[in-house]
Amino acid sequence: MKKIMTAAVLGLAITTAGAMAADGGALFKSKGCAACHQASVDTVGPSLKKIAQAYKGKEGDLIKFLKGEAKPIVDPAKFGIMKPQLNTTKAMSDDELKAMAEFILSH
């Protein structure tokens with residue numbers, strides 16, 4: 001009985017962690033990113049499509065940018081608008097940043 005209970009709790013923990021890590025779209029919206037970044041149209045910031053094209057195959061570089069450890073490569077002229085938002089992304093966990101990067105790169 002103890003083994004079954006432990007397996008059930010472990011399975012739930014893995015499922016919950018996986019669900020949290022995989023929800024980059026929800027993070028993108030809840031952190032306010034959607035206010036400036038649309039799927040395929042440049043607005044205040046570059047579109048997700050444009051960002052995904054620039055960072056194709058470079059998920060690590062996108063995560064570094066979101067951590068404030070790399071310069072912008074998509075639209076450097078608009079970086080001043082993004083600077084305050086970097087405080088939000090810098091405070092995110094590595095798992096959250098990975099999930100958000102995967103969401104952005106899926107466009």
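Among contacts in the protein chain between residues at least 6 apart in sequence, what percentage join residues at least 24 apart? The share is 54%, where a contact means heavy atoms within 4.5 Å.

**Figure 1. Overview of the protein chain.** This is a predicted model, in which local features need pLDDT of at least 70, side-chain atom pairs count only at pLDDT 80 or more, and totals for chains, interfaces and linings use all residues. Residues are numbered from 1 along each chain as its sequence is written, and side-chain values use heavy atoms, with hydrogens and water left out. The protein chain has six helices and zero strands; helices (H or I, at least four residues) and strands (E, at least two) are DSSP runs, numbered from the N terminus. Of its 107 residues, 24% count as buried. Buried means under 20% relative accessible area, exposed over 50%, and partly exposed in between (1.4 Å probe, protein chains only).

**Figure 2. The crossing of helices α4 and α6.** Helix α4 spans residues 59-66 and helix α6 residues 94-105; their axes come within 10 Å and cross at roughly 120°. Axes are lines fitted to C-alpha atoms, for helices over the stretch in contact, and angles run from 0 to 180 degrees between N-to-C directions. α4 and α6 are therefore oblique to each other: angles under 35 degrees count as roughly parallel, over 145 as roughly antiparallel, 65 to 115 as roughly perpendicular and the rest as oblique. On the α4 side, Glu 59, Leu 62, Ile 63 and Leu 66 meet Leu 97, Lys 98, Ala 101, Glu 102, Ile 104 and Leu 105 of α6.

**Figure 3. The aromatic pair of Phe 28 and Phe 103.** The structure holds two aromatic pairs. Rings of Phe, Tyr and Trp (its six-membered ring) pair if their centres lie within 6.5 Å; planes under 30 degrees apart count as stacked, over 60 as edge-to-face and the rest as tilted. Phe 28 and Phe 103 form a tilted pair, 5.3 Å centre to centre with 50° between the planes. Phe 28 lies in helix α2 (residues 24-30) and Phe 103 in helix α6, so the pair ties together parts that are 75 residues apart in sequence. Phe 28 is buried at 4% relative accessibility, whereas Phe 103 is partly exposed at 23%.

**Figure 4. The aromatic pair of Phe 65 and Phe 79.** The ring centres of Phe 65 and Phe 79 are 6.0 Å apart and their planes are at 55°, so this pair is tilted. Phe 65 belongs to helix α4 and Phe 79 to helix α5 (residues 79-90), so the pair ties together parts 14 residues apart in sequence. Phe 65 has 9% relative accessibility and counts as buried; Phe 79, at 21%, counts as partly exposed.

Methods. A crossing is left-handed if the near helix is turned anticlockwise from the far one by less than a right angle, and right-handed if clockwise.
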